[in-house]
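This report describes a two-chain model, taking one residue first and then each chain in turn. Please consult the sequence and the structure shown below while reading.

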Amino acid sequence: MTGVPLSWYLILSAVLFSLGVAGFLLRRNVITVFMSIELMLNGVNLSFITFSYQLRQVNGQIFSFLVMVVAAAEAAVGLAIILTVFKNRATLNIDDVSSMKD
Amino acid sequence: MQLWLIPVFPLTGFLLNGIFGRRWSKAVIHTIAVGSVLLSFAWVLKTLAGLGDLSAAHTEQYFTWIQSGILHVGMDFTVDRLTAVMLLVVTGVGLVIHIYSIGYMAHEGGYQRFFAYMNLFMFFMLILVLAANYLVMFVGWEGVGLCSYLLIGFYFDKKFATNAGNKAFIVNRIGDFGFSLALFLIVVHFGTLDFGAVFTAAGGKSEGTLTAIALLLLVGACGKSAQLPLYVWLPDAMAGPTPVSALIHAATMVTAGVYMVARSAAIFTRAPAAMEAVAIVGVATAFFAATIGMLQNDIKKVFAYSTVSQLGYMFLGAGVGAFSAGIYHLVTHAFFKALLFLASGSVIHALSGEQDLRNMGGLGKKIPWTFATMLCAGVAIAGVPPFAGFYSKDAILAAANNHAPWMYWVGVITAGMTAFYVFRAIFMAFLGEYRGKGHPHESPAVMLVPLVILGALSLVGGYLFRVPGYLAPLFPLAVESHDISPMLISVAFGLGGIALAWVFYVVRPGLPDQLAATFSGLYKLVYNKYFVDEIYGAVVVTPVVSGSREVLWKGVDVAVIDGAVNGAGNRARGIGGVLKLLQSGNIRSYATWVLLGGVVLLFVMGVMGGLR
Amino acid sequence: MDVILFLIFAVIAVVCGINVVVQTHPISSAISLIGVMGSLAVLYLLLGAEFLAAAQVIVYAGAVMVLFVFVIMLLNAGAETRRGRSLLAQLLGIPLLLVFLGLMAYFAQRLFPATAMVRFGAFRGGTALDVGEALFTRFLLPFEVVSVLILIAILGAVVLARKELD
């Protein structure tokens, strides 16, 4: 075997994505939830680059590049929001920031 | 000729008294009320003088009321000889009674309301009489029913009065239902409701159709004119003030049924089965009511049953084809029955409210004018010649004899009973010793003058106003028979009734009680009006009321309709409550839902989209 | 050779990913995430995306994760203690994930024929030259837009996180 089957990369991407979702669903600390989101984005990036390879075009990589930019911007703003929420609610527990009535 | 002024005068009186009357003194109120009726009466006289001999009808059309498809109904008034008779009776007797009411109602509360309603009644009655088509007549018909309800329940703080008003209106409604069905049939078969058009076209319709229409009209007439089986409201209607009983339940409203039958003669004469029904209903009612009237102790109830009985005579006359005799009796009956009621009112007024005959007596010396006028009415109603009642009743009985002798005999016996109970009342009230506790005093002149007027009319009215001759162009006179024995027999029965009353109540006062004890079962049956009210209550009223309460109210309205409407609301709330759980505010559960959606989408697109 | 490299770094990535999810203290999760990003950078290289591998390390691992660490430090976030309250997520989450994973794996297998292989060096179009050329010609508009996006993000972050002037 001289190469790696393409489907393995995709499966790896799916696994990373699922891990990210799992983290999102199961963790309570809001920062950890954010990091799970980053994990999801990374999984998707891998998938894009895999397809870029498959099609022998650079477009997938451009996509991935833009995803990275957006992820960075989102991380910045999201963390700023977390800071503000922490200032107001004094908690980092994602379940406690809901103010909806029961 | 400006016929519209005739009803509009009382309408104006109603509006003025109704809207502004509260601030006015009693003098102003009754001046307006009586004045409006007086103007109406004067206008009637002027109109009739101006119209000449009225061998053809004079019609005035004012505006189109309904124009829908084939049906065109105009607000039209017409005057022919029949209308002329009715107009004179309604406005003339109405005027007299209005004047009487000034005195009678002087000490009662609600003066303004009384006169306003009385004027409103005159308005509707005149519309009924002047109508040129069935629908305008129906407007008047319903309107007088409304005024009757308002006036019967005049003392609205007395439960029995309001109950009586309800009873009158509801029983009338049953009759009106029949009338309405008749109207529908007329529209279907004739395409119009105009009297002229309907009566000229009546010849071409099948007998079955005409019989159906006539029978339904008869139902309506039974309700309004208190015939069997819809008479039960009239005795209870005595709960209203006495002038109301005189005007509405003696002289005018209850005669509307007779008028309507006479007006529809063209239909009835072509439906012999319906005519027979009219006659049978009339003679049965006359007999039945007379038997009850003989035993009543309330003076007004005696005359109420007497009214029912006399109306039966009128229907008998119409039913055997003598329409003009029926109308003749209507006219004379208006005189003497109104007088009987007004005189009773005078008696009641003299005794400050006492109405039970057993507590009266010896009033002849104390209130002589009332006594004298009541005697005039008594001899008139008993059919003693040459007073008013004799002519009209004789005309009816003669026609009945020509048609079916058994009706004649029942009518004659009823005439005897009529004389008996009227004079029973007169003797019990005016002769003998005073059995009550009050201080009888004579009524004021404003009440006595109408009594005297009506008394004079009761005596000479039959002789002066030869109604059948006047109505001959409309209702051809029957062949005169030269056998005067029926007439003699009926006069004999009348005199016999008076004599019997004399014996029972003057000569041997204990005799009635002895007979009552001997025939106690029969006495109780008749005294309790044959328990008709109780039977109606059990058979009709109670099932309808409890059916409405249980089935329609609780079953349908609460369970079904409220259940559906509230149930829809509750289901919506329930669904909302379930859906609310989705909106928990919990981010992680939102994410789970998103994931679920995503998985489902993948599954659908991938697996089921053909990617095996 | 490719296979071995792939397997090593894939395993590292997965293990670090699991660690991100499993660790209680956020700082441990952050470190593990850096590990994931590093492994992914190598995998990108194997796929011929040189520029992106470098960008991954510089931007993601170098800047974004440092931002995360700074915030963790600023908020003094400690280890998680209490139980969560979302029953739904706990019940349905794992099964759904497994289903999801299964579906993705299944599709991946079906869609791509077994002969498609990834060989290091088979795709040389991922150099900085190629990326730059695409970015400044065909994808110029997205590039400009995304720069505006960054500007907005900076402004937003500054506004949100500043101290209120009393």
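A residue is called buried when its relative accessible area is under 20%, exposed when it is over 50%, and partly exposed in between, with a 1.4 Å probe and protein chains only. By this criterion B:Gln296 is buried, because its relative accessible area is 8%. The model is predicted, so that local features need pLDDT of at least 70 and side-chain atom pairs count only at pLDDT 80 or more, while totals for chains, interfaces and linings use all residues. Residues are numbered from 1 along each chain as its sequence is written, chains are lettered from A and ligands numbered from 1 in the order in which they are written, and side-chain values use heavy atoms, without hydrogens and water.

B:Gln296 lies in the loop that links α13 (272-293) to α14 (299-319) of chain B. Helices (H or I, at least four residues) and strands (E, at least two) are DSSP runs, numbered from the N terminus. A contact means heavy atoms within 4.5 Å. Leaving aside residues up to four places away in sequence, the contacts of B:Gln296 include B:Lys301, B:Tyr305, B:Leu357, B:Arg424 and B:Tyr527.

Chain B contains 26 helices and two strands. An automatic or database assignment sets the domain bounds, and chain B is divided into domain 1 (1-269), domain 2 (271-527) and domain 3 (533-608). The centres of domain 1 and domain 3 of chain B, taken over C-alpha atoms, are 52 Å apart.

Chain A has three helices and one strand, in the order β-α-α-α from the N terminus. Its radius of gyration, taken over C-alpha atoms, is 17 Å, whereas a compact globule of 102 residues would have one near 13 Å; the globule rule is 2.2 Å times the number of residues to the power 0.38.

The table sets out further values for both chains. Accessible areas come from the Shrake-Rupley method with a 1.4 Å probe, and for residues only the protein chains shown count as cover.

| Property | Chain A | Chain B |
|---|---|---|
| C-alpha box along the principal axes | roughly 55 × 25 × 20 Å | roughly 120 × 60 × 55 Å |
| Buried residues | 64% of 102 residues | 55% of 612 residues |
| Accessible surface | about 3700 Å² | about 24500 Å² |
| Carbon and sulfur share of that surface | 66% | 70% |

Among contacts between residues at least 6 apart in sequence, those joining residues at least 24 apart make up 54% in chain A and 81% in chain B.
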